[in-house]
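Okay, thanks everyone, I'll keep this short. Let me put the structure up, and then we'll talk about a pocket and a ligand.

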Amino acid sequence: MDGQHTDTGNNEGRNVVLSARGVTVGFGSKVVLDNLDLDIYRGEILGFVGASGTGKSVLMRTVLRLLPRRSGTIKILGQDFDELDEPQRNALDMRLGVLFQQGALFSSLTVKENIQVPMREYLDLPQSLMDELAELKIRLVGLAADAADKYPSELSGGMIKRAALARALALDPELVFLDEPTSGLDPIGAAEFDELIARLRDTLGLTVYMVTHDLDSLFSVCDRIAVLGKKRVLVEGSIDDMLACDDPWVQAYFKGKRARSIVPQNGRAGDDSLAQDSRGK
Ligand SMILES: Nc1ncnc2c1ncn2[C@@H]1O[C@H](COP(=O)(O)OP(=O)(O)OP(=O)(O)O)[C@@H](O)[C@H]1O
Ligand SMILES: [Mg+2]
């Protein structure tokens with residue numbers, strides 16, 4: 001396992017499940033991430049925020065080896081993909097679950113078939129067992145059993161998110177990457193989804209890396225927050241660390257109008273109507 005966390009707070013001795021050091025990613029002359037460091041600890045829900053276009057999805061795709069990096073090292077569950085052979089990479093991949101920001105499900109497949117995609121890719125199981133496992137995952141994420149044979153076009157936005165989460169959980173991963181899982185959901189649907197994530201973390205012992213613009217999620221379910229800006233992690237830590245950070249974007253985000261009714265700020269409540277904006281895009 002990789003060593004100890006080096007840069008913030010009270011994290012010494014915690015079990016690091018993902019450690020990125022000096023990660024640089026770019027496209028042509030454009031550098032998106034420059035010398036970025038990040039740690040994720042076992043069992044936590046890490047909320048990852050940053051302005052649109054700062055590279056949150058790029059970082060997730062880089063960590064998953066879907067994008068190349070120019071430099072830096074990334075260790076996941078103590079292992080560096082670059083040092084593994086193909087079977088070892090597959091074994092490590094199976095320990096990761098992913099819910100992408102775009103294209104969460106294959107539109108031509110039913111929910112059950114979508115959930116079985118990773119099973120087919122990595123395991124050699126009889127169809128009857130895959131069906132049972134898919135039904136289990138469907139129940140786990142709070143979908144009705146009859147969702148199994150529906151196509152994505154027949155589902156609501158919230159159901160699609162749950163089905164995509166079921167697919168991310170298909171192989172019983174330890175570390176789950178969620179890219180804006182509550183975007184597009186109404187506040188109640190988003191809060192329910194947050195509760196589901198927290199419950200799954202508690203019952204399955206998951207570690208969750210969650211990109212989100214949702215201030216409610218950040219305050220209600222995230223144990224720690226990391227802010228991406230200036231091509232690196234500007235600050236990581238608790239809500240208090242965010243409030244104490246003097247970076248203008250972090251200040252605006254966590255102390256701005258839309259945050260005021262959620263974040264305790266010297267006991268002053270803010271304008272409730274503006275809080276609705278916190279559900280983001
Ligand atoms: N495959 C690619 N080729 C070229 N540029 C890309 C590619 N993928 C992302 N980018 C660029 O990298 C930057 C970061 O994109 P990214 O999708 O990571 O943003 P983000 O922080 O996830 O934003 P959002 O909050 O809107 O989802 C953007 O300028 C984007 O145009
Ligand atoms: Mg994104």
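So, what do I mean by a pocket here: on a 1 Å grid over the protein atoms alone, it's an open set of points where a 1.4 Å probe fits, with protein on both sides within 12 Å along at least five of seven lines. And bear in mind that this is a predicted model.

With that in hand, the largest pocket holds about 520 Å³ of space. It's lined by 19 residues, and V98, F100, P118, E121 and Y122 are the ones closest to its centre.

Which elements build the lining? At least two residues each come from β6 (96–99), α3 (111–122) and α5 (157–168), and α3 gives the largest share, with 4 residues.

Okay, on to ligand 1. There are 15 residues around it, and K30, S52, G53, K56 and V58 come nearest. The class make-up of this shell is 4 nonpolar, 7 polar and 4 charged residues. Here β2 (30–41) and α1 (56–63) each put in at least two residues, with the largest share, 3 residues, coming from α1.

Now the polar contacts. K30 has a polar side-chain atom 2.9 Å from a ligand 1 oxygen, and S57 also places a polar side-chain atom 2.9 Å from an oxygen of the ligand. For H213, a polar side-chain atom sits 3.0 Å from an oxygen atom of ligand 1.

How much of ligand 1 does the protein cover? On its own the ligand has 630 Å² of accessible area, and the protein covers 65% of that.

Notes. Residues numbered from 1 in each chain as written. Chains lettered and ligands numbered in written order. Predicted model: local features only at pLDDT ≥ 70, side-chain atom pairs only at ≥ 80, totals over all residues. Heavy atoms only, no water. 1 Å grid on protein atoms, 1.4 Å probe; cavity = no way out; pocket = protein on both sides within 12 Å on 5 of 7 lines; lining within 4 Å. Points joined across faces, edges and corners; volume = space filled by probe spheres on them. Near = heavy atom within 4 Å. Polar contact = N/O pair within 3.5 Å; in protein donor to acceptor, adjacent residues only side chain to side chain. Areas by Shrake-Rupley, 256 points an atom, 1.4 Å probe, with all protein chains shown as cover. Nonpolar A, V, L, I, M, F, W, Y, C, P; charged D, E, K, R; others polar.
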